[in-house]
Amino acid sequence: MKDASIDNLIDDLAGDLAPVRPRRVARGSLWVAAGWVGGAAALVWIFGMRKDLVVHGMPPLSMLAFWLTAATGLAATWSALRMGLPGVGRDYGGWRWAVGASLSLPLAALAACIADGHAAMEAARHGFGLRCLLQGLASGLGVGAALFFWLRAGAPTSPTRAGWVIGIAAGAAGATIVALHCSSDEVVHIAFWHGSAVLLSAIAGRLILPRFLRW
Amino acid sequence: MSPDEPSLARLMTASQRGDRAAYRALLVGCRRWLERYFARRIAPHQIDDLVQETLVSMHRKLATWDSGRAFLPWLAAIARYRWIDMLRRQRDEAELGDNDAAVGAGDEAVHARLSIDHLLALLPPKQAQAITLVKIEGASIAEASQICGQSESLVKVNIHRGLKKLAELIESE
């Protein structure tokens with residue numbers, strides 16, 4: 001009975017076959033790049049670029065934070081893109097190393113707090129903290145959406161992990177975009193407010209996305 | 001005869017182009033491979049259902065195979081995903097108190113147990129015992145409760161936690 005039903009299923013599936021275009025990571029990368037550039041263009045267009053960026057370039061500390069965050073975003077993006085094309089034995093864990101490296105920012109901020117707590121709190125309070133956080137979250141939506149639709153059409157075998165990774169990629173992308181606008185060069189500000197965009201985005205990705213990524 | 005990787009990969013490439021005869025041959029080959037794959041992992045009465053679910057998933061996700069990569073790891077990833085999904089459903093059933101997943105105690109059932117034994121050995125003994133009694137041997141919660149000397153609710157909790165951990169173990173395989 002079961003044999004017959006599997007035979008029938010095979011006949012139905014074969015009859016239902018239509019040509020498909022194999023999914024390529026390169027195409028997904030273009031979606032993500034468009035989301036990243038689109039988010040940056042929107043933020044710069046609405047709020048403007050930090051004034052010293054064109055003339056002097058970014059100060060060293062902000063530059064270091066920018067590239068650490070960008071590396072985290074790129075590594076998470078790469079992992080998420082690969083998760084869409086499953087295969088036993090494939091390693092999707094490269095993003096963990098980038099996240100580990102970028103933890104040097106909050107550690108540096110913690111060291112600054114220990115050295116001079118009052119000055120660190122002032123630095124965290126100075127400027128546009130909450131605004132940076134919200135801008136970071138909003139700017140990463142383009143990358144988050146690109147990865148979400150890529151994985152929704154793909155076959156992620158661990159939706160929970162995929163939710164985390166999409167959130168980290170989106171948050172890190174948003175944090176790099178905010179760095180183009182935010183003029184604060186304080187490590188405490190960058191680690192706390194820009195870093196919170198990555199953290200909150202990751203938590204949102206974990207809580208919201210897995211149910212939509214199941215297949 | 002068991003299907004080999006190069007033949008399956010060739011058939012898959014043709015299937016992605018819309019060749020129905022190749023696709024039919026591919027599905028027949030995959031069915032054989034999946035039956036062997038699941039025979040080492042689940043109770044015999046569940047194999048056909050899981051093979052069918054995996055073939056349907058494979059059909060829906062045909063575009064996610066990249067011809068530059070091996071075919072069988074792709075098929076195994078889909079099979080593993082469906083297997084985990086089944087374990088999660090069983091866990092949810094255990095949570096709801098549905099314990100009618102009975103299995104015949106013939107040779108086949110014993111054979112299927114051998115393959116899952118190494119996974120059960122990784123669980124705390126009480127969880128492994130509850131899963132073995134209820135989900136593999138087909139005992140009721142009340143019977144398992146008497147055999148284990150645990151309350152019925154504790155048996156349910158152990159099944160729930162054990163199946164959750166099993167799914168995590170398989171996922172990290």
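Reader: How many residues does the contact take from chain B and from chain A?
Author: The contact takes 32 residues from chain B and 24 residues from chain A; two residues are in contact if their C-beta atoms, placed from the backbone, lie within 7 Å. This is a predicted model, in which local features need pLDDT of at least 70, side-chain atom pairs count only at pLDDT 80 or more, and totals for chains, interfaces and linings use all residues. Residues are numbered from 1 along each chain as its sequence is written, while chains are lettered from A and ligands numbered from 1 in the order in which they are written.

Reader: Which elements give two or more residues to the chain B side?
Author: Those are α1 (5-16), α2, α3 and α4 (71-96) of chain B. The largest share, 7 residues, comes from α4(B). Helices here are DSSP runs of H or I with at least four residues, strands are runs of E with at least two, and both are numbered from the N terminus.

Reader: What classes of residue are on that side?
Author: The side of chain B that touches chain A has 14 nonpolar, 8 polar and 10 charged residues. Ala, Val, Leu, Ile, Met, Phe, Trp, Tyr, Cys and Pro count as nonpolar, Asp, Glu, Lys and Arg as charged, and the others, Gly among them, as polar.

Reader: Take B:I78. Where is it, and is it buried or exposed?
Author: B:I78 lies in helix α4 of chain B. B:I78 is buried, with 26 other C-beta atoms within 10 Å. The cut-offs are 20 or more other C-beta atoms within 10 Å for buried, 12 or fewer for exposed, and partly exposed in between, with C-beta atoms placed from the backbone.

Reader: What does B:I78 touch?
Author: Leaving out residues up to four places away in sequence, B:I78 touches A:P86 and A:A155, plus B:T54, B:S57, B:M58 and B:K61. B:K61 is 17 residues from B:I78 in sequence and 9.0 Å from B:I78 in space, C-alpha to C-alpha.

Reader: Different topic. At what angle do α2 and α3 of chain B pack?
Author: Helix α2 (residues 20-39) and helix α3 (residues 44-60) of chain B pack at about 135 degrees, with their axes 10 Å apart. Axes are lines fitted to C-alpha atoms, for helices over the stretch in contact, and angles run from 0 to 180 degrees between N-to-C directions.

Reader: And chain A, how many helices and strands?
Author: Chain A has 12 helices and 0 strands. Of its 215 residues, 46% count as buried.
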